[in-house]
Amino acid sequence: TPKNNNSDTPDTPKLSAEDEVALREIDEAVRQDDAAEFVSKYGLAIGSVLAIVLLSLGGYLFWNSQVEAGLEAQSEEIISVIDHAQSEDFASVETLTTPLLDAETAGVRTSARLLQAATAIETDDPARAVELYAQVASDEAAPQALRDMARLREVATNYDERDPDDIISKLSDLAQPGNPFFGSAAEMTAMAHLEAGNFEEAGALFATIAKDENAPESLRDRALQMTGQLGVDAVENVEELLEGQGVAPQAEGPLAP
């Protein structure tokens, strides 16, 4: 059987140990030259980027520590103001809260405005209280719950001076079942409907308040009285209502002589 010696393909020369060592040294030298060239070409740019990153990180950490320290100091000031308010030292409340009205943190300036508004009511200055409540209600950065509460207080503070349609419009979204401020907002809205001659709307709203188990009992009782005057049925379970009022339901059967 003939054998194919593949004589056209040259034999691969075999390197000696010394040659392999020399090749490795040359390869290492080439790698070092490439690394040196890379560092020479891009080292400054990479170093600059790293320096910027480190400086930015350090700056952020310093800023964050300063912000936290500032917030802690402002929180202590708010607590101090509350102590003065509880002791009816309203002059100090005004002095201490004034620098906080322009605070960058929404929670701080909102607290300051609400404290000043409460002080204005205590010192018989409802017009200023209304102004401060309006500022809180319009501050889009303030917590929504505080904005809603401020709007409710704004209306309640000068309710008698407002047009009924203005009250209805201003409290329409708060006077919805399920809203945390439904009870108070709905009662003021229902009274505004009465003043505007909208007796059907007022009766329906009073009935909704009377049926709201989450509303304060005193508020539900007032609403139930109003539904009675307006001829609206707001009682779903008469026996339960009588028991709640401390009246025992009358037994069935003929009346005793």
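I started with α7 and α9, which are roughly parallel to each other. This is a predicted model, so I read every value as computed.

**Entry: α7 and α9**
I looked up the geometry of this pair next. Helix α7 covers residues 182–195 and helix α9 covers residues 217–230. Their axes cross at roughly 25° and come within 11 Å. The crossing is left-handed. From α7, I listed Gly-183, Ser-184, Glu-187 and Leu-194 in the contact. From α9, I listed Leu-219, Arg-222, Met-226 and Leu-230. By class, this contact has four nonpolar, two polar and two charged residues.

**Entry: α2 and α3**
How do α2 and α3 run, roughly parallel or roughly antiparallel? I found them roughly antiparallel to each other. Helix α2 spans residues 90–97, and helix α3 spans residues 106–122. They pack at an angle of about 150°, with axes 10 Å apart. I noted a left-handed crossing here. Phe-90, Val-93, Glu-94 and Thr-97 are the α2 residues in the contact. They meet Ala-112, Leu-115, Gln-116, Thr-119 and Glu-122 of α3. I sorted this contact by class: four residues are nonpolar, three are polar and two are charged.

**Entry: a pocket**
I then checked the second largest pocket. Its volume is about 150 Å³. Which residues line the second largest pocket? I wrote down Pro-177, Gly-178, Asn-179, Pro-180, Phe-181, Phe-182, Gly-183, Ser-184, Asp-212, Asn-214, Ala-215 and Pro-216. The lining divides into six nonpolar, five polar and one charged. Gly-183 and Ser-184 line this pocket, and both also take part in the contact of α7 with α9.

Definitions and conventions. Residues numbered from 1 in each chain as written. Predicted model: local features only at pLDDT ≥ 70, side-chain atom pairs only at ≥ 80, totals over all residues. Heavy atoms only, no water. 1 Å grid on protein atoms, 1.4 Å probe; cavity = no way out; pocket = protein on both sides within 12 Å on 5 of 7 lines; lining within 4 Å. Points joined across faces, edges and corners; volume = space filled by probe spheres on them. Nonpolar A, V, L, I, M, F, W, Y, C, P; charged D, E, K, R; others polar. Axes fitted to C-alpha atoms, helices over the stretch in contact; angles between N-to-C directions. Helix = DSSP H or I, 4+ residues; strand = E, 2+ residues; numbered from the N terminus. Parallel < 35°, antiparallel > 145°, perpendicular 65-115°, else oblique. Left-handed = near helix turned anticlockwise from the far one by under 90°. Contact = heavy atoms within 4.5 Å.
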